Amino acid sequence: MKQIHFKNKQLNLSSPVVMGILNVTPDSFSDGGQHNTVELAVKHAKRMLEEGAEVIDIGGESTRPGAPAVSLEDELKRVIPVIEILKRECDCIISIDTSKPEVMKAAIDAGADMINDVCGLQLDGAKEMAAELAVPVCIMHMQGTPRTMQKAPQYEDVTRDIIRFFKERISACLKAGIKREMLLLDPGFGFGKSVSHNYQLLATLAKFHELELPLLIGLSRKSMIGAVIAPQSDRISGSIAGAVIAAMHGAHILRVHDVKQTKEALAVVTATLNGVKSD
């Protein structure tokens, strides 16, 4: 798990990596509409790269609770021009945040390097497309769908239940022809979990290392943060705390809105972990 290999580059995972969130949507929960043109999206991506992001995760469909579905045509119109410009003008790893096989293919053809699928390659044709494209892919856990996921989610043991889900998805991916070294895992904070479930998951994150695959963690500005800090907060400080806890538990990639602050916090985490290793 020290590196992820892409077609023309590698990502070193020996210390936590920051993935910058680029929502090219009008309705994402935290920044909907802020980067809703190609020009604004590219400008924000470049700013995140300057602040230290190593991966840009581009999404054209909001997955906030209750979000409406987006047509294939609209999603492609939102993300493909941004990918093409970033591929041409920036030396970075580009991730496409989608569940649609058609968007996966178009995005990779346009220059994206990896797939980030909140549905865990469960839509028809998704795992077969990922196998055909032969790029790294993150499979995420979600109970239900974005339209239903927050309606009384229940688990016997949230961490063990998700580990069981991952084992099933890994097996399905391998059978579809995806190489194990191409897989990353995201337990899906906020996706079909109560506040209690989310914090149980964060507290026990290290248990996921039994699966021996890189962990991608996204809890930036989510409602789990807002639930435990002052109302009307921008959730940045709480998000940084969550990122630090996740990194201390061995998370490899942190998907965040606030790149500069997270990079500074993770520098302290890395120094601390290196200090432990040197003792």
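Predicted model: local features only at pLDDT ≥ 70, side-chain atom pairs only at ≥ 80, totals over all residues.

Reader: How many bridges join β6 to β7?

Author: Three bridges join β6 to β7 (residues 137-140), and the two strands run parallel. Strands here are DSSP runs of E with at least two residues, helices are runs of H or I with at least four, and both are numbered from the N terminus. Two strands pair if DSSP finds at least two bridges between them.

Reader: Which helix does the chain pass through from β6 to β7?

Author: The chain passes through helix α4 (residues 126-133), and this β-α-β crossover is right-handed. That term applies if, with the strands pointing away from the viewer, the path from the first strand over the helix to the second runs clockwise.

Reader: And what about β5 and β6?

Author: Strand β5 (residues 93-97) is joined to β6 by three bridges, again running parallel. I96 stands opposite I115 in β6.

Reader: Are the faces of β6 covered or open?

Author: Both faces of β6 (residues 114-117) are covered. M114 and N116 on one side, and I115 and D117 on the other, are all buried. Buried means under 20% relative accessible area, exposed means over 50%, and partly exposed lies in between (1.4 Å probe, protein chains only).

Reader: What is the strand order of the whole sheet?

Author: The order is β8-β7-β6-β5-β4-β3-β10-β9, an open sheet of eight strands with parallel pairing. The edge strands are β8 (183-186) and β9 (216-217), each of which pairs on one side only.

Reader: Turning to α3, which of its residues are buried?

Author: P101, V103, M104, A107, I108 and A110 are buried in α3. The buried residues of α3 pack against α2, β5, β6 and α4. After α3 comes G111, whose phi is positive, near 130 degrees.

Reader: How far does α2 reach?

Author: Helix α2 (residues 72-89) has 18 residues and reaches 26 Å from its first C-alpha to its last. That is close to the 26 Å expected at 1.5 Å a residue, where the expected span is 1.5 Å times one less than the number of residues. Its buried residues are E75, R78, V79, I80, V82, I83, I85 and L86. Among the elements that cover them are β3 (17-23), α1 (38-50) and β4 (55-59).

Reader: Which residues have the most contacts inside the largest nonpolar core?

Author: They are I58 and I83, in a core of 68 residues. A nonpolar core is a set of buried Ala, Val, Leu, Ile, Met, Phe, Trp, Tyr and Cys residues joined through side-chain atoms within 4.5 Å. The largest share of this core, seven residues, comes from helix α5 (residues 158-176). A second, separate core of 13 residues includes L11, V17, M114 and L216.

Reader: What is I58 in contact with?

Author: Leaving aside neighbours within four places in sequence, I58 is in contact with L22, V24, V79, V82, I83, L86, I94, S95, I96 and D97. Contact means heavy atoms within 4.5 Å.

Reader: How many disulfides does the count come to?

Author: The count comes to zero disulfides, a disulfide being a pair of cysteine sulfur atoms within 2.5 Å. For C92, the nearest cysteine sulfur, that of C90, is 5.4 Å away.

Reader: Lastly, where is H197, and what does it touch?

Author: H197 is in helix α6 (residues 195-203). Not counting residues up to four places away in sequence, H197 touches P153, Q154, Y155 and V158. H197 counts as buried because its relative accessible area is 11%.

Conventions: Residues numbered from 1 in each chain as written. Heavy atoms only, no water.
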